[in-house]
Amino acid sequence: MTQTITKEEALDPVEVTNKYDATQLRNAVDDELSRYYSKEQHFTQSHVHTDFKLILGFISCFIAGGAFLNEYKTSFNEALHVTTMCVIVYWILQSILLVYTYFVEKGEIFVGHQKVDGKVTGTLKISSEFDKTSPLYKLTMVYSDRVKGKTVQSVVNPNMTTWFNEKGVLIREVMDKDLNNYLLSLKQNYMKNNIKTVL
């Protein structure tokens, strides 16, 4: 006897310990937002920001490990110059990360590409802002059509607590419905802008 498993059953439940803690909600929502637009809306997610941060993190770890190994094989005084250089390089890397986060990543939590025949035809970028004392989550959604060279933007302010039940478990169908509506609204704005341009 075969048993059918729905998408909802196949996914592990997402739960937060306090549904009124905006930081917990944001972390859970960011992951689910990426899941929805990549799996349900078939955008190919870009991991450029994550990959860049991972590379800097790995380099920092190698520097710290190298400094420790050098000091272990020699002595503190002999390794002082090498350790000092490693500390300087480490803080340079941290500065690069800070600059990248504020001036390149700019709060982007999702970047996804639409592809037709292997070619990128459109890009969806979602940036977020939130206040730790408020459940409102400002999402700025930007869709760029790579073929026509047009861009449209919309801003939404969902209340994250409405996506969780009293036990702090994410209600995916409610969140997915809202995320779908945001994308539909963005596409409608894009169509209206294109019609105005043609006229």
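In which sense do strand 2 and strand 3 pair, and over how many bridges? In this predicted model, strand 2 (residues 108–116) and strand 3 (residues 119–130) pair in the antiparallel sense, and 8 bridges join them. They belong to an open sheet of 5 strands in the order 1-2-3-4-5, with antiparallel pairing. Strand 1 (44–45) and strand 5 (150–156) stand at the edges of the sheet, each with a single partner strand, so one side of each is left without a neighbour there.

- Strand 1 and strand 2 run antiparallel and are joined by 2 bridges, and the bridge partner of Gln45 in strand 2 is Gly112.

**Hairpins and the turn at Asp117**

- Strand 2 and strand 3 form a hairpin with 2 residues between them, whereas the hairpin that joins strand 3 to strand 4 passes through 6 residues.
- Asp117 lies in the loop between strand 2 and strand 3, and its phi is positive, about 55 degrees, although Asp117 is not a glycine.
- With a relative accessible area of 79%, Asp117 is exposed, the cut-off for that class being over 50%.

- Helix 4 (residues 76–105), in which Leu98 is found, bends by about 35 degrees at Val82.
- The buried residues of helix 4 are Ala79, Thr83, Cys86, Leu93, Tyr100 and Glu105, and their cover includes helix 3 (48–73) and strand 2.
- On the surface, Leu98, Val99, Tyr102, Phe103 and Val104 form a nonpolar patch whose accessible area comes to about 550 Å² together.
- Helix 4 is followed by Lys106, which is found in the loop between helix 4 and strand 2.
- The phi of Lys106 is near 50 degrees, a positive value in a residue other than glycine, and at 56% relative accessibility Lys106 counts as exposed.

**A position in helix 3**

- Ala64 is found in helix 3 and, at 49% relative accessibility, counts as partly exposed.
- Ala64 and His49 are 15 residues apart in sequence, and their C-alpha atoms are 23 Å apart in space.

**Salt bridges**

- Side chains of opposite charge can pair when their charged atoms come close.
- The count in this model comes to 7 salt bridges, among them one in which the side chains of Glu32 and Arg172 meet at 2.8 Å, N to O.
- Glu32 lies in helix 2 (residues 22–40) and Arg172 in helix 5 (residues 172–198), so this pair ties together parts that are 140 residues apart in sequence.
- Both partners are buried, Glu32 with a relative accessible area of 7% and Arg172 at 5% relative accessibility, the cut-off for that class being under 20%.
- A further salt bridge brings together the side chains of Glu40 and Arg35 at 3.7 Å, N to O; Glu40 counts as partly exposed at 26% relative accessibility, whereas Arg35 is buried with a relative accessible area of 12%.
- Glu32, Arg35, Glu40 and Arg172, together with Asp176, are linked in a network of salt bridges.
- Lys138 forms a salt bridge with Glu129, the closest N and O atoms being 3.9 Å apart, and Lys138 is partly exposed, with a relative accessible area of 31%.

Methods:
Residues are numbered from 1 along each chain as its sequence is written. This is a predicted model: local features need pLDDT of at least 70, side-chain atom pairs count only at pLDDT 80 or more; totals for chains, interfaces and linings use all residues. Side-chain values use heavy atoms; hydrogens and water are left out. Patches are made of residues with over 30% relative accessible area and no salt bridge: like charges are joined within 9 Å, nonpolar side chains (Val, Leu, Ile, Met, Phe, Trp, Tyr) within 5 Å. Accessible areas come from the Shrake-Rupley method with a 1.4 Å probe; for residues, only the protein chains shown count as cover. A salt bridge is a side-chain nitrogen of Lys or Arg within 4 Å of a carboxyl oxygen of Asp or Glu. Helices (H or I, at least four residues) and strands (E, at least two) are DSSP runs, numbered from the N terminus. Two strands pair if DSSP finds at least two bridges between them. The bend at a residue is the angle between axes fitted to the seven residues ending there and the seven starting there. Buried means under 20% relative accessible area, exposed over 50%, partly exposed in between (1.4 Å probe, protein chains only). Contact means heavy atoms within 4.5 Å.
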